[in-house]
Every structure is written in structure tokens, then in C-alpha cells.
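Have the viewer open as you read.

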Amino acid sequence: HQHPPIHAMKLADVDVSPEDAEVPQQHGRARCCGSALAALFEPRGRSGHSNFRKARFALSLTSPFAMMSVIGPAKDIYLEKFGLDPTTFGMIVTAVAFWEPVQQIIMGRLQDKQVLARFFPVASWGRRAPWTLTHGILAAVAASCMYLPPAGDIAYAWFVLCWLVTSWGMCGCYIAFEASRQAIYPFKEERIFVEGLCKYACMAGGGAGGLVFLVLSSNAAFEVRLAFVCYIVPLGLLSIEAVPIFRETRRASTSSLDVADDSAAPPTTEAKADSGRALVILWEALPYRLRLLLRQCTCREGDPTAKEKPNNSALQHLLAMKFWHGSYGICISTMLLYYITYVLRLSSWERVQAILGAGAAAGITETVMNIVYMRLFSTGDSLRDFSGRNDRRLLTTVLGSRLLNAVLTILIIGCMEPTVFMLICWSIVTRIGLSSFSFWRISAQCWLVDEDCLGSTGDGQSSSRNMREGMIFGALAMCQVLAAALFSSLTFLGLGISGLETRNCESFCSELAGSNQTFDGKTTCIDECFHEVIEGQPESVRTYIRMVIGVLAPLCEVLIAYHAYKFPIKGARLRRLNLTIAAQRGDEDVPWSPKAESEADAHFGKSQVVLLTPEGSPGKPSEGSPGAGPGQAGNEEFMERLAHMTSMVQSRKGDVSVSVRWVMQEAGAEQCRANTDAPLPLLPCVAETSK
């Protein structure tokens, strides 16, 4: 205390040379660099991946989204710049769009069957890496040829071929990514963190691919389109660098689900029955009574009720949510360009500047909100969240954001005067409202697949597990793409019904001036021609575009929020799933807290049944019985009460969710804790059932 502060001491006071004084600063900088490198490259989470490795994994989505941005506006370029017939081309686009849902379920089936294992052994390549490698190359080559159609009617066939091949390649990459994420990252926190990184990768890919449209919408000369081939191909091959990480899918699946290699014994009959048909996932999503009715109409022998599973409400609500999510996305993406062009009356570089301004505003907002939500939702530990508070916070945030965004979209797009400023404001508002949704969506998808992979019998044996992640993700993607195809076709045809008129301004200007026209003169002629097309549109076209974005899209958002709220994998059911996954992975650090006794049943069903355990029954199994819990004790009185409760629940009509608890004396409770192998002592003593 007698010496002055270190920062106030002069070099002469301590007789230290300037060279020696710089040493602590150098050590401080070295420590900062070391901490940054440690934060980037040290393994984090239960997957054992560092943040850098997770970023590499997320980068695998950059190329598919870039190719999507390349071919997505192709129909507009073909219609606007190449002058194809709107009616004929609309019918072709409709037919092509309805193939995409089919390819999703086919791709998931092919990946689960591992049809590429002959060329890429699973033991060394894993289950998903070959699909990312081969289909990434396929999509890049096909997308690079999209804007080089031959002249004449052959352009229709060229569009169909390039579109189908590119979408097939993107489909393979997407399903491989989703299945790999579910296998490599076992719990919500890491999945959400990876999803946050994926957003940046997708924004980078979408922006890089969208550059093609921005340039071609202003100048679609053949030289410009040919030059873009050298840009699209490297962009499409960028994500191949993540293939080594995808090869870990085999190891992750083996360690977490105890699944043997393909060289091991074949799956049991039950496992084959679960994945024997490509459409089995969609069949299971049908209501139970409808399946019984269809089974009775086709089944001649046996009891049809013995062959059907009960209602899978989680699958039903998630498929419905994906359907309306696809409907919302296509309503916005399909009509947004027409809104800027025909409602705001912009063309040429003015339209490009408006798109860039709105895109930049949305991108900056998404970047900031993504950081906030990553921090908010990826912290904590699912195994330590006994009360389910973090999961409820995620769901509440998503529901509130989407409903608020629906209301603001109606006001800004549907009611207010359309201006470029209001478009930018809406871009910011909608990204704030939508940014949190993907975190819940990917968590819900992975929870659904986790439950399915753990098997229908719940006995924890590998023989009863299902390995059909690709089929489930394919069915979910199929439902979303089906909705996108349906609404894309309806909205596209609605433009023609509302009176949209088009003209091939490039051909018109070429024929008008002949071969002596200069490049600048031709560009000016095209701009003037297209401006006349915009001003000549009837008012019904502008009203139709505003109604699609400002009314139909918000309605889809309300339905999305409803199905997200009704999704049943939450509360006690979700905590049981997390603990089961941890037990199957062999995690020995599964936590337990004394607060679990008061918090474990914080989220319960609408109805509760409390069973009073007879004195002395818990912990006193019948002679020769191996168990010690109340359900294994063999006590006749307790079993009669339990049977009566079960009969009462089953007798109620409709869907029923009941929390069943039993009260036991302290001695019985201590014995229950001492004899159970479950990670949480309360699991044998607290149950939740549904019908």
C-alpha cells in the first residue's frame, strides 16, 4: 500500500529498461491470441467439435443455397428476357414444380438404403458424405448451364432439364446435411448454434447466387450469361470442403445409437417393416381412424388394429407446419419481385438499387438478430434444464414473433401507401419476426427424428430402432416443397388471370434497329420498352400482388404459429427424450439436482391423476420379482388403482394428455431412488401418458 499504483510508476522509479517493459505487453497480446484460438479450435459441447469445425459443417449449405438463388429467378428471366409464352411456360413451371416434392421422399429413401455404398464404402465414407460430394458437383454443373438456352422452342426443354438436375443435386445435399446434423450434434444447444452459423452460410450463398439475377435482370446479353459460367461452377463446388465432416455420420450414429455397420447382421423384421416403403412416413401421419378404414378396405385377413400405430401427433403437426411454412415462403419470394416492379413501378438499375437496399437492410437485421438469438437459445444444458424453462422460452419467443410479424405485414404491405422506404421498413420488421423461427424448427425436426431413431418399443435395444432419418427429413421437405409448388403455381397463374402482360423487349429492340444498333442504344431501347410494359399493367395486377403478400402470407403465419404451439414434444416428454439420448450415448456426467423433485413436473398435461401408494408397497417387491418401483412391486391394491386410472383415461374420447403422479412415503421414495438406474430419480415415480 505504500507504493504508487503500477500504472503511475515511471521507468526510472523501478530501473526497468523500455525493452523489458514491453515484455508483459507482448505476453498479454500472446494470451489474447491464445484465448481467441482456444475459443475457435478447442472442442466444445458433447459432440466434441470446435467452433471452427462447426463453421465448416455449416458452410456445406453455402453452395446449395447459392445454386437455389441462381436457378430460382430463372423462370422470371426466361419470361421477361427470353420472351417465352406465359401460358405455355406457366404450365411447364407448374409440372416441374410438382416433381420436386416427389424427389424429396425418393432421395430420403435412397440415402437410407445407402445405394452409393457400392462405390463409397460406409465404413470409410459414412452414410451421408457420398451424397454431398456427388450431388454438389451435379448441381453446380447443371446450374451453370441454366442461362444458356438455345434459341426457339428448345428453350422450354432446356429449362426443364437444367431445373430438374439442379434441384435433384440440391435435394441430395440438403437431406444429407439434415440427417448429419441430427446424428453428429445430439442436443438442442449445439444444433441451435450450428443453425446460427448456417444462417450466415446461407446468406452468403444466397447473396452470391443472387448476384447472377441482379446482373441479368439489367443486362442479359449472351456474353454476360456465358461469363457467369466461370462464376457459378466454383461457387457450387465450395461446399465440398465439408465432406470430411460428413464422414463422421457413421461414427456418430454408431456411438449414439449402437448401430452396426452394413457388414454386420441385417436388421430385424420389425426394423424392415418400419422402412420398407418410401411413403410409410406419410402413411403414419394419417389419422388413426382413417388408416383403420383404409386398412379394412384392403386387408382381408387379420385384425387391422394390430398393424397400425397410434396417432403420431408430433409428426402430424410438424408436417402441417412445414406445409404452411413452404406456402408462406413461396408467397413472399414469388411476388416480391413483381411487387418492386409493378407496384413500386421500378425498372432497370432503379429496381436493382431497391432490391439491394431492401436486401441489405434485411441482411443486417438478420445478422444482428441471429447473434442475439444464438446467445439466448444456445446457452445452458438440456440435461440440466429440469423445469423446461429454456424450451418454453424458445417456443414463446417464436410464437410471439410470428404473430407480431403477421400483423405488421398486413399494415405495411396491405394497408399503407407502397414506397421504397416502406419496403425497407418491412424488410427489417419481417427479419426480426422470422429470425427466431428456424431455431425452433430445426430443434423440433431433430426431436421427432430422435424419438423415431430410439425405436417404437422403447426397450433401448438396437434391434428395435429405426434408421430412417433420410425418409423423415425427406417427408418433411416434401411437404414444404409441395406447398411451395402448389402456391407458386396458383400465384403464378393468378398473375395471368389478373391481366399481366409481357413483351420480349430484347427481341423487339433488335428487330427495330437492325444490326447497326450500338450497345448503348440497344440498352436504352430495352429500358424504355420495359418501362412501357410496367405502366401498361392494369390496376388489378397491382392489387393482386399486394393481397398475396399482405393478406395470404400473414394467414399462413398464423397457421404456422398454431401448429408450433400444438407440437407435443415438450415438457416432461422432451426431458425424457434428452435423458434417454444421454443414456444411449453413455454420457456419465448426467446431472441431478435436488430441485428436480419440485421442478420435474412443472410442465404437465391439462389433467392430472395422483395415485396414493399403499403404505409399504414401494420398495417391497413380491418374492422373486427383480424390480423395486411401484409398478414392479406386485402390490395388488396399487395395480388395481393403476389399471382403473388407465381404463378411465382410455374411455375418454378424443386426444387426452394426463400427468400421472403417485405419492409415496419417505421410506418408499428413498428406496425408489436407491434401486433405479434412471438418470433422474423421479422418472420411475412421475409419468406422463397420452392417448
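Tyr78 is buried, with 0% relative accessibility, and Phe89 is likewise buried at 0%. Keep in mind that this is a predicted model.

**Aromatic pairs**
- A search of the whole structure turns up 21 aromatic pairs.
- Tyr78 and Phe89 make a stacked pair, with 6.1 Å centre to centre and 5° between the planes.
- That pair links distant parts of the chain, as Tyr78 belongs to helix H5 (residues 74-80) and Phe89 to helix H6 (residues 86-97), 11 residues apart.
- Tyr338 and Tyr342 are stacked because their ring centres are 6.0 Å apart and their planes meet at 10°, under the 30 degrees that stacking requires.
- These two tyrosines lie 4 residues apart in helix H19 (residues 313-343), so about one helical turn separates Tyr338 from Tyr342.
- Tyr338 and Tyr342 are both buried.

**Aromatic cluster**
- One aromatic cluster is formed by Tyr78, Phe82, Phe89, Tyr156, Phe159 and Trp163.

**Charges over rings**
- Arg247 lies over the face of Trp125, at 4.5 Å from the ring centre.
- Arg402 places its charged end over the ring of Tyr328, 5.1 Å from the centre of that ring.

**Cysteines**
- The structure has 0 disulfides.
- For Cys173, the nearest cysteine sulfur is that of Cys171, 9.2 Å away, and Cys173 is in no disulfide.
- Cys173 counts as buried because its relative accessibility is 7%, under the 20% cut-off.
- Cys230 counts as exposed because its relative accessibility is 65%, over the 50% cut-off.

Technical notes. Residues are numbered from 1 along each chain as its sequence is written. This is a predicted model: local features need pLDDT of at least 70, side-chain atom pairs count only at pLDDT 80 or more; totals for chains, interfaces and linings use all residues. Side-chain values use heavy atoms; hydrogens and water are left out. A disulfide is a pair of cysteine sulfur atoms within 2.5 Å. Buried means under 20% relative accessible area, exposed over 50%, partly exposed in between (1.4 Å probe, protein chains only). Rings of Phe, Tyr and Trp (its six-membered ring) pair if their centres lie within 6.5 Å; planes under 30 degrees apart count as stacked, over 60 as edge-to-face and the rest as tilted. A charge sits over a ring if NZ of Lys or CZ of Arg is within 6 Å of the ring centre and within 35 degrees of the ring normal.
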